[in-house]
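Here is a short note to read beside the model. Please keep the structure open as you go through the points.

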Amino acid sequence: MENLMHVCRSCRAVGTLLLTALSWSSCLPVGEEKVCTAPGLGRYSISFTGKWSQTAFPKQYPLFRPPAQWSSLLGATHSSDYSMWKKDEYVSNGVRDFAEKGEAWELMKEIEAAGEKIQSVHSVFSASAIPSGTGQTSTQLEAHSRHSLVSFLVRIVPSPDWFVGVDSINLCEGNRWKEQVTLDLFPYDAGTDSGFTFSSPNFATIPQDTVTEITSSSPSHPANSFYYPKLKSLPPIARVTMMRIKKRQRVFVPTPPIMVRMGNEIEDALSETPLDCEVSLWSSWGLCTGPCGKTGAKSRTRYVHLQPANNGTPCPDLEEETACEPDNCI
């Protein structure tokens, strides 16, 4: 009888373990990578390269007050319990302040709170700003098997609330750390300011919108600084490369920004985006001039809104004339 009771207790214990395992596995998202079992820490150098040139993005390219540039980079290595930002979701107050003004204080407090409350953040990293649209800055980061995801933000300056970055990129693949990760980056709108152009004044989005990717045709408005309706997609505005460091360096000094001359960008040539001429509507017809009893002429004009660039469609005629009968003949 005692043996039978012992067997029953064993069966119940096995059943409980089985149910626990099944319930845990059912919580895993479909298609999610397996849990990271890579040994030790994953140490990486991260290099951010700005590709925002006047050649690639000629429309309304900021040349002064301020010229095109990038804010400092701010990121974290974390678990799936933490999210710095995500497409189609609302940003936090910290991300809003960073995307609109480049202020990192509130975002740093949010990251620190997440790390202390639910142990979801392993480390925070940052890299210096780039004072031009093209250039490079770099730093190092450290990931853990339970915190193998990387997220970061870099603000586009000047802009209403536009940024580039990555959301929860996994540096781990099963039981090993990836050797290298390289990604092209494209602009995002944080959904907190409704400005259309790089230099738009502050115009808060009420109610707040979600994060959206800015494309060559969205927002679909000719005034938008990234509106290039003839392009299927925008060229990359930046690139990030994370390279695994196999041997830990004792001392690391952050690399100052590397300036890149126009037309001689790191790794590949700058994209050339054609920009078509844009002109105003025709003015009203002027007075008809000429001798009475004979055919006269009248004209109308228009002016250039946007000069063409990079072999874009040239400007059409800005003045047009047509025959008429002179006015006020006596």
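1. C288 and C324 form a disulfide (a pair of cysteine sulfur atoms within 2.5 Å). Their sulfur atoms are 1.8 Å apart. The torsion about this S-S bond is about 95 degrees, so the disulfide is right-handed. The pair links distant parts of the chain, 36 residues apart. C288 is in the loop between β14 (278-279) and β15 (296-301), and C324 is in strand β17 (residues 319-324).

2. This is a predicted model: local features need pLDDT of at least 70, side-chain atom pairs count only at pLDDT 80 or more, and totals for chains, interfaces and linings use all residues. Residues are numbered from 1 along each chain as its sequence is written, and side-chain values use heavy atoms, with hydrogens and water left out.

3. How many disulfides are there by this rule? The count comes to two. C36 and C172 form a disulfide with sulfur atoms 2.1 Å apart. The torsion about the S-S bond of C36 and C172 is about 90 degrees, so this disulfide is right-handed. C36 lies in the loop between α1 (2-26) and β1, and C172 in strand β7 (residues 172-173), so the pair ties together parts 136 residues apart in sequence. Helices (H or I, at least four residues) and strands (E, at least two) are DSSP runs, numbered from the N terminus.

4. T49 is in strand β1 (residues 42-51). T49 counts as buried because its relative accessibility is 10%.

Terms used:
Buried < 20%, exposed > 50% of the residue type's maximum accessible area, 1.4 Å probe, protein only.
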